[in-house]
Amino acid sequence: MSGFVCPNCKNESQIFKASTGGGRALAEEMGIPFLGAVPLDPRIRMACDYGESYFDSFPDSPACKAFQGVVRNLAQQLGLDTKSILPE
């Protein structure tokens with residue numbers, strides 16, 4: 001997780017500045033692809049708690065867009081057609 005999405009104003013803030021980029025650095029050190037960073041959003045937990053789809057409930061949120069980027073990057077790493085995995 002990277003950053004924090006305010007549930008009220010929907011803006012993203014970097015709350016862990018001292019460690020920002022640690023996942024990317026670790027992936028680079030280990031020689032594996034970095035798939036992406038997803039900001040903390042309390043609505044992810046709420047959606048999970050209520051059995052709702054975070055993607056359907058908050059499609060324009062920074063975290064949803066980040067999750068989609070991770071899925072696209074993973075599909076690309078697996079040699080899959082990213083458009084068939086996650087249509088635009």
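**Entry 1: helix H2**

I started with helix H2, residues 42–49, and found Arg43, Ile44 and Ala47 buried there. Looking down the axis of H2, I saw these buried residues fall within an arc of 110 degrees, so they line one face of the helix. A reminder to myself: this is a predicted model.

Next I checked the other side of H2, where Cys48 and Asp49 are exposed. What covers the buried residues of H2? I noted strand S1 (4–5), helix H3 (54–57) and helix H4 (62–77) among the covering parts. Just after H2, I also marked Gly51, which takes a positive phi of about 70 degrees.

**Entry 2: salt bridges**

I searched the whole structure for salt bridges and got two. One joins the side chains of Arg43 and Asp41, at 2.7 Å from N to O. Are Arg43 and Asp41 buried or exposed? I found Arg43 buried, and Asp41 as well.

The side chains of Asp49 and Arg45 make the other bridge, at 2.6 Å from N to O. Both Asp49 and Arg45 sit in helix H2, four residues apart, which is about one turn of the helix. I put Asp49 down as exposed because its relative accessible area is 52%, and the cut-off for exposed is over 50%.

**Entry 3: Asp41**

I placed Asp41 in the loop between helix H1 (22–30) and H2. Asp41 counts as buried because its relative accessible area is 5%, and buried means under 20%.

Which residues does Asp41 touch, not counting those up to four places away in sequence? I listed Val5, Tyr54, Ser61 and Ala63. With Tyr54 there is also a polar contact of 2.7 Å between the side chains.

**Entry 4: aromatic rings**

Then I turned to the rings, and the count came to three aromatic pairs. Tyr54 and Phe58 form a tilted pair, 5.4 Å centre to centre with 40 degrees between the planes. I have Tyr54 as buried, at 7% relative accessible area, while Phe58 is partly exposed at 23%.

Phe55 and Phe67 form an edge-to-face pair, 5.9 Å centre to centre with 70 degrees between the planes. Phe55 lies in helix H3 and Phe67 in helix H4, so this pair ties together parts that are 12 residues apart in sequence. Both ends came out partly exposed: Phe55 has a relative accessibility of 37% and Phe67 one of 26%.

**Entry 5: two more residues**

I looked up Pro62, which lies in helix H4 and is partly exposed, with a relative accessible area of 25%. Leaving aside neighbours within four places in sequence, Pro62 is in contact with Val5, Lys10, Glu12 and Pro39. From Pro62 to Leu74, 12 residues along the chain, I have 18 Å between the C-alpha atoms.

Ala27 is buried, at 6% relative accessible area. With neighbours within four places in sequence left aside, I noted contacts from Ala27 to Ile32, Pro33 and Phe34. How far apart in space are Ala27 and Cys48? I wrote down 28 Å, C-alpha to C-alpha, for a pair 21 residues apart in sequence.

How values were computed
Residues are numbered from 1 along each chain as its sequence is written. This is a predicted model: local features need pLDDT of at least 70, side-chain atom pairs count only at pLDDT 80 or more; totals for chains, interfaces and linings use all residues. Side-chain values use heavy atoms; hydrogens and water are left out. Buried means under 20% relative accessible area, exposed over 50%, partly exposed in between (1.4 Å probe, protein chains only). Helices (H or I, at least four residues) and strands (E, at least two) are DSSP runs, numbered from the N terminus. The arc is that of the directions from the helix axis to the C-beta atoms. Contact means heavy atoms within 4.5 Å. A polar contact is a pair of N or O atoms within 3.5 Å; within protein, one must be able to donate a hydrogen and the other to accept it, and residues adjacent in sequence count only if both atoms are side-chain atoms. A salt bridge is a side-chain nitrogen of Lys or Arg within 4 Å of a carboxyl oxygen of Asp or Glu. Rings of Phe, Tyr and Trp (its six-membered ring) pair if their centres lie within 6.5 Å; planes under 30 degrees apart count as stacked, over 60 as edge-to-face and the rest as tilted.
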